[in-house]
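Have the model open while you read.

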Amino acid sequence: MLCMDFIEKVYMAIVICFVKLCGRKPEKRYKWETIKDDVELGNSNYPMVLVQIPMYNEREVYRLSIGAACGLSWPSDRIIIQILDDSTDSAIMELVEMECRIWESKGVNIKYEVRDNRNGYKAGALKEGMKHSYVTQCDYVAIFDADFQPEPDFLYQTIPFLVNNPEIGLVQARWTFVNADECMMTRMQQMSLNYHFKVEQEVGSSTYAFFGFNGTAGVWRISALNEAGGWKDRTTVEDMDLSVRASLKGWKFVFLSKIQVKSELPSTLKAYRYQQHRWSCGPANLFRKVVMEIFTNQKVSLWTKLHIVYSFFFVRKIVVHINTFVFYCIVLPATVMVPEVVVPKWSCVYIPCIMTLLKAVGTPRSLPLLVFWVLFENTMSLHRTKATIIGLLETSRVNEWIVTEKLGDALLKDKIGGTKVFKKIDMTELIVGFYLLFCGCYDFMYGKSYFFIFLYLQAITFFILAFGYVGTFVPKS
């Protein structure tokens, strides 16, 4: 599994270097022309665009996202803003509806939509939103989560790819983070996500014209969305599910790294754990459901099938999580007690170091945090491995959906304190921490290397996360 992961990282490094050196920009690979005003046709020259913003009790960020969506530059009679509010707090619903009415009074075509249940969560809300009669006049749909703030020219930068290239079904923009510097945990999240966007998404777009839709900051061709079967709630990664089905219908995807949309990283450990459970469990469960469908598909090439099954799903969504935890946190520490087992340096030092550097290049400013990042990622791999197994076996919590807590304006109002112990100690992290501490002590007393240094540092990291001494917290008012 280590070699599989290493080969994947090297392959993507080679491809991304080729893309950058050869200047294979999307504008060169696809036709791109700005939509120009037509004196005779007027605004009808512009395609009709639907902008969907799904929400759930978003008290802190609803103004930011609605304001950004209503501020998009596009002819006012050729855009519909749709707020899909699944909130259960009536006070928040009133605030969101009032905000919509304020923008409506300014001439914005904005629709406030609610439903009487939360079936299907986000997928259910988006699916329900597409059923309204006014949606039939729209050609494209842009989707933004409640904490995302697109720039005014977002549609002018993305829609031309869809207008001028009928084979493209999705245009995805890159995320940037307004609170990346809030704490060390958000800095480390930024490192991981920058690699995902700057390398993984870019490589997928440049080679197979396939990558996973990130669920937000993207524009779909509505005909592609409908042909793929629309939104489904069979897993907690409805975005990835739609991407796979659309790809199997022959649609191509384009990733635009230069188009950046501001968003918020979870800054509390509790919120981050829930997010990572969903992001790890969902893909594994989706893999279980679609693997045979992919292999029996007749519309895409064998290489595309292998890319989706092996590279996209098996290596990146399953092997990486399991190998990180089992090898670095269980097997490798156990070898200190079995001197007969000799682990070659290439597998425990050289290859891991190369892979770490390849992943860190996306965020050069955070290179000083490299050691902390490795220890943090190893610790989080426990939860990702657990979630991956739950998804593969389809056991309890497989469809658990807890909306990631957002702080929005609270980030700027000095409401946030430092670290604080959670009431509930994570026992699994505590047990693994004691296991690593024991292995470290054993190596210190009987070993002939300095491996105990890593074991002690990793044990401390497990203890820190077990007691919740990481991230930020918002004091209850």
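For what follows, an axis is a line fitted to C-alpha atoms, for helices over the stretch in contact, and angles run from 0 to 180 degrees between N-to-C directions. Keep in mind that this is a predicted model.

Let's start with helix α9, residues 238-248, which packs against helix α10, residues 269-295. Their axes lie 10 Å apart, at an angle of about 15 degrees. Angles under 35 degrees count as roughly parallel, and therefore α9 and α10 are roughly parallel to each other. As for handedness, α9 and α10 make a right-handed crossing.

Which residues of α9 and α10 make the contact? Here they are, helix by helix:

| Helix | Residues in the contact |
|---|---|
| α9 | Met-240, Asp-241, Val-244, Arg-245, Leu-248 |
| α10 | Pro-283, Leu-286, Val-290, Glu-293, Ile-294 |

Now zoom out. The protein holds 15 helices and 7 strands. For 477 residues, a compact globule would have a radius of gyration near 23 Å, and the protein agrees because its own value is 23 Å. Of those 477 residues, 56% are buried.

What about links along the chain? Take contacts between residues at least 6 apart in sequence: 82% of them join residues at least 24 apart.

Definitions and conventions. Residues are numbered from 1 along each chain as its sequence is written. This is a predicted model: local features need pLDDT of at least 70, side-chain atom pairs count only at pLDDT 80 or more; totals for chains, interfaces and linings use all residues. Side-chain values use heavy atoms; hydrogens and water are left out. Helices (H or I, at least four residues) and strands (E, at least two) are DSSP runs, numbered from the N terminus. Angles under 35 degrees count as roughly parallel, over 145 as roughly antiparallel, 65 to 115 as roughly perpendicular and the rest as oblique. A crossing is left-handed if the near helix is turned anticlockwise from the far one by less than a right angle, and right-handed if clockwise. Contact means heavy atoms within 4.5 Å. The radius of gyration is taken over C-alpha atoms; the globule rule is 2.2 Å times the number of residues to the power 0.38. Buried means under 20% relative accessible area, exposed over 50%, partly exposed in between (1.4 Å probe, protein chains only).
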